[in-house]
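Hi there,

Here is the structure I promised to send over.

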Amino acid sequence: MSDRYLEFAHSSYGKTVASVLGLPTPPRLKRASEAWAEQPMDQRYVLVGGDSGSELAAPILGALSRMGAGLRIVPEHSGLGPIKAAASTLHLKLAGNPAPESGEPRSHALVFDASGLRSPEQMREVYDFFQPLVRGLPGNGRVLILSRAPGAADGVAAKTMSSALRGFIRSLAKEIGKNGSTANLLEVSTGGQEWLDAPMRFFLSEHSAYVTGQTLEVGQGPGKGEGVTVALPGSLNGKTALVTGAARGIGAAIAEVLAREGVQIVGMDHPSQEGALGETMARIGGVGLALDVTAADAAQRIAAEVGPRFGGLDVVVHNAGVTRDKMLRNMSPQFWDMVLNINLGAILRINEGLLTEGLNDGARIVCISSIGGIGGNAGQTNYASTKAGVIGYVDAMAPTLSDRGGAINAVAPGFIETQMTAAMPLAPREVGRRINSLSQGGMPQDIAEAVAFLASPAAGGVNGRTLRVCGQNWFGA
Ligand code: NAP
């Protein structure tokens, strides 16, 4: 589905009309066109800062240099001690931030280590770093702050300041979205410093074009001690994934993006979609499985399909979902049962069956939730119950998956341009599309990129979390 207003606002006539009428011009978002690159920041610069007590400088600089980023600092910033010390230990060069008139390329990203914040007065170091720099952020630029997760922070002061950063990042994301830039917060809990590579790559690259204003916690992944981090590029190569609802829309995009990363896809959809499913699978070398997710023996039939052919599943993506909207007072029991069964009951039953047979050790499960499950929606008591249920479910199941060396997470899409949203009445559709910091709907690829990141062994430090991919939709925020 296309966003006609965005296209119009970027035409020469549209630019004039938008400027005369004072209408917003949604930015063109740069999205990834290829698989994860070894060095996504090659030929790009990152301005790095930190507070004077910061504790994550070494893993952050290490991750940035592995991405190929040129490292810059603002020499007069007060919090540079830990960064300079880490750069010296790692033998990394820190260049000064060039003057705007120097002709040097602008920095693609601003990365700040706020893990040592202990007082409101120290928050001034955050202000001092970002205030002069945000203006110079190029289109589709990135802001990433790393902090101690409140649950892992030592004491009241540290917890308070970790929380303060959430407000800062949410507000900054709203300020910089106009040019397609994003701002996100990575909260690092115990052991998470060894698992920063993949989340940092995700948030700093084009793979996260529609993710902004979000907080994601990273903890200890499977494996102990130094050197357990798995690189993101190539980490999905040769794996087998089941994607439900794969015939079209978001599910088809998830299948395509996972296939791009070298994954063998088993795409499942309702038997009524067999033709469309076959076409999608043919494009990506996938195998189609025409099966209703609510079938009582769905898990056994999936296991029977993937076991002998592919040796089990490494990734499961529960994407199939339906809406049957009605005010509760008018909702039929059929609408209620159908939505609860497809969107939630089937996920629980299939996972239970696959945990017995069909799922390999180290498997990743990603469930598709919705911001509707976070904000609630008149007419969606059934749908929102299921999508909120998914958020609680991944949280509750995280230890079970972790015990098997794997992880389970959810992605909560905002307004995404698919057949589901095209069926909405015009006025709510147009409002739903614009009320976010990037003034546009997301594309199915945006959800798929987040799923691929979470499905990767390299994202092992993220478990039991829900990541919103919504352009910072104001709904439920
Ligand atoms: P879509 O275009 O309607 O695609 C959903 C697919 O799932 C369809 O092919 C559908 O087949 C299939 N499916 C439905 N019931 C099934 C069943 N019982 N067994 C097997 N397959 C079944 O929807 P979408 O927009 O891509 O959404 C995908 C997921 O994202 C859903 O979980 C949805 O709730 C979630 N989501 C979407 C948005 C958005 O803005 N689009 C926002 C938030 C969350 P049928 O045609 O037979 O139903």
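The second largest pocket holds about 500 Å³ of space. It has 18 lining residues, and those closest to its centre are Arg 170, Gln 214, Thr 215, Thr 466 and Arg 468. By class, the lining of the second largest pocket splits into seven charged, six polar and five nonpolar residues. Both domain 1 (43-218) and domain 2 (240-469) supply at least three residues to the lining of this pocket. Please keep in mind that all of this comes from a predicted model.

Now to the largest pocket. Its volume is about 1,400 Å³. The lining counts 48 residues, with Gly 321, Val 322, Thr 323, Tyr 383 and Met 420 the closest to the centre. The elements giving two or more residues to it are α8 (249-260), α11 (333-356), α13 (381-403), α14 (419-422) and α15 (426-434).

Next, the ligand. Which residues are the closest to the ligand? They are Asp 269, Asp 292, Asn 319, Tyr 383 and Thr 418, out of 28 residues that surround it. Tyr 383 is also among the residues closest to the centre of the largest pocket.

- Asn 319 places a backbone N or O atom 2.7 Å from a ligand oxygen.
- Lys 387 has a polar side-chain atom 2.9 Å from a ligand oxygen.
- Gln 273 has a polar side-chain atom 3.0 Å from a ligand oxygen.

Taken alone, the ligand exposes 890 Å², and the protein buries 92% of that.

How many cavities of 30 Å³ or more does the structure hold? There is one, and the space in the largest cavity comes to about 40 Å³. Its lining is made up of Thr 244, Val 293, His 318, Asn 319, Ala 320, Ile 342, Ala 346, Ile 347 and Ile 350. Helix α11 provides the largest share of this lining, with four residues. The lining of the cavity has six nonpolar and three polar residues, and no charged ones. Asn 319, listed in this lining, is also the residue with the backbone contact to the ligand at 2.7 Å.

Happy to talk any of this through.

Best wishes

Key:
Residues numbered from 1 in each chain as written. Predicted model: local features only at pLDDT ≥ 70, side-chain atom pairs only at ≥ 80, totals over all residues. Heavy atoms only, no water. 1 Å grid on protein atoms, 1.4 Å probe; cavity = no way out; pocket = protein on both sides within 12 Å on 5 of 7 lines; lining within 4 Å. Points joined across faces, edges and corners; volume = space filled by probe spheres on them. Nonpolar A, V, L, I, M, F, W, Y, C, P; charged D, E, K, R; others polar. Domains from an automatic or database assignment. Near = heavy atom within 4 Å. Polar contact = N/O pair within 3.5 Å; in protein donor to acceptor, adjacent residues only side chain to side chain. Areas by Shrake-Rupley, 256 points an atom, 1.4 Å probe, with all protein chains shown as cover.
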